[in-house]
Amino acid sequence: MTSVVGVHTITPAEALEGLSGVTDIEPLGPGGMPCGHTTPEALVSAARAIKERGFSHLALLTAIDGVEGSGGLEMIYAFKRREDSAMVALKVRLSDDALRVPSIYTLWSGAGPLEREVYDLFGVVFDGHPNLNRIVLRDDFVGHPLRKSFEMSGTGVSAEAVAVAVTGPGTASHTAETPGAVAGVTLPAEFDPFEAAAQPGDPALHSERLILNMGPQHPSTHGVLHIYLALEGETVVAAQPTHGYLHRCIEKLCEKNAYKACTPLLDRSDYVSGFHTELAYMLALEELMGVESTPKADYLRVVFSELVRITSHHTWFAAVGFDTGALTPFLYAFIDREKILDFFETVTGARMMFNYFRPGGVKDDIQPEAAASMIKYLKTFDRSMDDCVSLLTDNEIFRVRMRGVGMLSRKDIADYGVTGPLARASGFDHDVRRDAPYAAYDRIPVNVALAQAGDTFDRYVVRIAEMRESARIALAALEGLPEGPHIAEGVPRSIRPPAGAAYREVESPRGELGVLVVSDGSASPWRLKVRSPAFSNLHVAPALLKGCRVGDVIPALGSVDVVMGEIDR
Amino acid sequence: MIGMAKGMVTTLKHFLRPAVTEQYPTVKRTLPERSRTMFVLPLDEGGLPACKACMLCAKSCPDGAITMESEKRADGPGRVLTHYSIDLGLCMYCGICVENCPSQGVAFTGDYERATADKGETRVVLFAADPSAAPADEATEAVPAAAAPSPPDEGGGAE
Amino acid sequence: MTALKVFIGVVVLAVIVLVNTVVVMYCERKWLGHMQSRLGPMRTGYHGLLQPIADAIKLLGKEDLMPASADRILFLIAPILAFVPAILVYAAMPWVDRFAGASFDVGIFFVFAIAALSPVGVLLAGWASANKYSVIGGFRAAAQQISYEVPMILSTVGVVMLAGSMRLSTIVSAQSHVWNIVTQPLAFILFFIGILAEVNRTPFDIPEAESELVAGFNVEYSSMRFALFFVAEYMNVFTVSLLATLLFLGGWGGPVLPDIVWLLIKTYAMVFTIIWVRATFPRFRTDQLMVFSWKVLIPAALVNLMLAALGVVTNLFVLTAVEFAAAALFVWLVAKLGRTAGDKVRAAAEAGEVAA
């Protein structure tokens, strides 16, 4: 896939050529991105070279336990060129007695949390990582669950483990002896609260800065999220999110289930917009199986993706209003949302956990009356949005709260791998639906909402525009619904795709959501990884919140629109 | 303050319109036909469950919520169902059991009011050939075949 | 005998005020609900009429907690100090032409003086709770109330000048031909904003907002003490609505219907407006709130004072004309400030992005 813009346009395959230490370049699965194999020693220089060759977005960083029973595991890194969504990948093979790899934290700050997740779930140690602690599991957890050798039974935490603080190789967590630490709490190494609280130039006086714990129980954090804030008066000088309270080991559960049974589990990952994870999974699965979905199914997938984008943004809108103190937008948004949820229940059978997409199409055909009533609703959508929006967009108090607040710079977006409306609000003109179309998006035009200043208000404006655009797209798809079957012929009931891997991305309401499916030829996936956009978006919080006032923290976080289910899985 | 005035006009408009609240349980909704709700084993003309005891539902349930027992049929090949129960506390209402069943042996009823305060009541026996042998839970039976829901879409599945 | 009459009078007045407070509580639940397209309380009594009683019973039934390190005496006194001024102002407020309390020469001055005591209760509550966030919340709430007292009181000086007296019943009689809201619209706008901030209502309800990081000053209070704060707040809403009616809406004047009915209609119309504002607007951040009071409202109140003085020496038509012009200018100015907020930071960010 060659880009047609820019002076130095190289194909993804060319991007991997000539890099020292990179060998065996082959596609990642059928029709997938070129993937080169490299060694831990050559990893950082290869990644830097790929970044310099234009692939500046770190899309995927994860591990796959030893394929085909060969032991050890494989690290996989995927890089994306934002301009045309071209991707390349690197794989590093590690053996069980040498699970160490250099960290690429210096190239992308967003690699930090991703590497922590791999350490947590696989036990790979990243040399040079500033803060290698567990991120989704509790700090005293023993073992690394996503290894095949880890048996799933009980709670996974033995009685002895509860009393033991894990200090594995490369970790640098505070123990009870560290001054200022609280018993039972392990702080990340880089976040010494008293160092953060100390005045520059006067380390003895700790009295000016305040440590505030926001969450995990708080009426305003969206989901169970915990953030350490170091405050100097009213200004935030440091912020650090902690999550993992909603970890349900979805990825491990998927490895035990048949392919079709993974769909309801993935619904629960990003539970606010379940269709997107389902769709990414289905696209990857169809690529592996060599199955194509029918035209009618393509259009139906677009309809449901856009409608669930609307409901997800409705939820965000309700939260934005509530965060700034307006009580009523919450109610209006949820009233409007009901009609879409009723439509979902009529066609798919459920309001939230749909389990509707199947390899080759969708489970049931859409009823004509349901389609007609949804068309009628979508035609009045702009007017009902005007109602909701009149409460906030033009309201002077809202504007004073949101404009100029929570600025996110382009550099931070590139560095942390931020995608979705957050990136588009700062001028990044990228949208997977338009740049790398899937389902019926190559037949239905998508106008991407863009803003330039990157503050909370711009993120608000971008999402409102996206809601209206989604309604237009869904209406166009429903009105142009082709005839034909809703699922491809000849798809076997019991799915056993040939061995291989596939990675497909979709544009979810939070950003670029990708699903990596690795198959070993059996009836269950060998590895199923969800690339969560909210995970990368949340970890830009330290850069986002620095310099904010206390009263702005909650609206700024609300504008990031996180869903903890997707972050923790 | 023009923007603020716009907002006040909207709120006033909603104040003058009727509220959208449906006062449950005085007003109850009928759920759409495809809604995934409480389970039932439809019966055939002879009053016996249509279930062929192929165990496909139990094997494909992602949560392992289904427990069934069967014995060899006395008159010919195949098996006959003797006990079927679902642990609603484990069930996630994904509908895979209903979708995979080749003989419409399990279906949804549309009943969504199944909340209980007793965890012991979550395991519901849907069929027991010998009721005295079954645990003294709620036993839901007897949806006559005539009332069984229409067959699920066969969407191109080859066996 | 006289002592007995006074005692009965006090009790009757207190009962009337408390009944109205309870009605205001009910109205808020129902009207806020209907503005949000929902029903509000429906189950406790017919259409939820007994809801305030249910709330009271619930609050009384809670455990009465006091933090171990709290300042005992101050902790106990603070809710009383918040509640007493709320009800004491009714001593000077007339309901009809004949007084329910006492007819002071300095009626309105008395009302504002007593109302100025309420920040003390709030401060004490925050301090006595021995919780650093309560202290901060108490400081903020007290600062807010003290800051907004200035424009609120300044805007009523014009009314007093025109009526020629501080006695509330005289102010009402002076409006028998035309209401003050017509002759002094700018004063009314400033007064309305001031009373919203005085009673901690949206958009100035930071001290008691649930979704803010720092908890409010009354977070450590439970049961009856919390009930005192809670009731004091709704009583304040009724008080300021009544004040607004007396000062700007012509009090009990009106055709056909008896005086008291008109008074209550107008007062509850003000209560409705306060609830309407709560349903619609988000809230200000603390520093924005303070800036708004000191840099926008107080200069506007001083301008209003000058215009009122002009109206005293000329006539009502001139006054009405200049006040309407000033009010339009004020509205336009606030709208412009609101619409262009953050523009400089945004422009810098956009320029920075493009250059990068």
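These notebook entries record what I looked up in this structure, chain by chain and contact by contact.

**Entry 1: ground rules**

I noted that this is a predicted model, in which local features need pLDDT of at least 70 and side-chain atom pairs count only at pLDDT 80 or more, while totals for chains, interfaces and linings use all residues. Residues are numbered from 1 along each chain as its sequence is written, and chains are lettered from A and ligands numbered from 1 in the order in which they are written.

**Entry 2: chain A overall**

I began with chain A, where I found 21 helices and 16 strands; helices (H or I, at least four residues) and strands (E, at least two) are DSSP runs, numbered from the N terminus. Of its 569 residues, 58% count as buried, a residue being buried if 20 or more other C-beta atoms lie within 10 Å of its own, exposed if 12 or fewer, and partly exposed in between, with C-beta atoms placed from the backbone. I then looked at contacts, meaning pairs of residues whose C-beta atoms, placed from the backbone, lie within 7 Å. Among the contacts in chain A with a separation of 6 or more, 66% are between residues 24 or more positions apart.

**Entry 3: the two domains of chain A**

Chain A is divided into domain 1 (1-174) and domain 2 (250-568), with bounds that come from an automatic or database domain assignment. Taken over C-alpha atoms, the centres of domain 1 and domain 2 of chain A are separated by 26 Å. Their contact takes 27 residues from domain 1 of chain A and 30 residues from domain 2 of chain A. On the domain 1 side, strand 3 (residues 57-65) of chain A gives the most, with seven residues. By class, that side of domain 1 divides into 14 nonpolar, nine polar and four charged residues, where Ala, Val, Leu, Ile, Met, Phe, Trp, Tyr, Cys and Pro count as nonpolar, Asp, Glu, Lys and Arg as charged, and the others, Gly among them, as polar.

In soluble globular proteins, nonpolar side chains tend to be buried together.

Leaving aside residues up to four places away in sequence, A:Ala284 touches A:Ala502, A:Tyr503, A:Arg504, A:Val515, A:Leu516 and A:Val517. I followed this to strand 15 (residues 511-519) of chain A, where nine of the nine residues are buried, so the strand is largely enclosed by the rest of the structure. Strands pair if DSSP finds at least two bridges between them. Strand 14 (residues 500-508) of chain A runs antiparallel to strand 15 of chain A and is joined to it by nine bridges, and a hairpin connects the two through two residues. A:Gly500 has A:Ser519 in strand 15 of chain A as its bridge partner. Strand 15 of chain A also pairs in the antiparallel sense with strand 16 (residues 527-531) of chain A, over five bridges, and A:Leu516 has A:Lys529 in strand 16 as its bridge partner.

Chain B has three helices and six strands, and buried residues make up 28% of its 159 residues. Three strands of chain B form an open antiparallel sheet in the order 2-3-5. Strand 2 (66-72) and strand 5 (123-128) of chain B stand at the edges, each with a single partner strand, so one side of each is left without a neighbour in the sheet. Strand 3 (residues 79-87) and strand 5 of chain B pair over five bridges, with B:Tyr84 opposite B:Phe127 in strand 5 of chain B.

I found 33 residues of chain A in contact with 26 residues of chain B. Helix 10 of chain A gives the most to the side of chain A that touches chain B, with five residues.

**Entry 4: chain C against chain A**

Finally, I noted that the contact between these chains takes 33 residues from chain C and 39 residues from chain A. On the chain C side, the largest share, five residues, comes from helix 14 of chain C, and the classes are 15 nonpolar, nine polar and nine charged residues.

Note on methods: Two residues are in contact if their C-beta atoms, placed from the backbone, lie within 7 Å.
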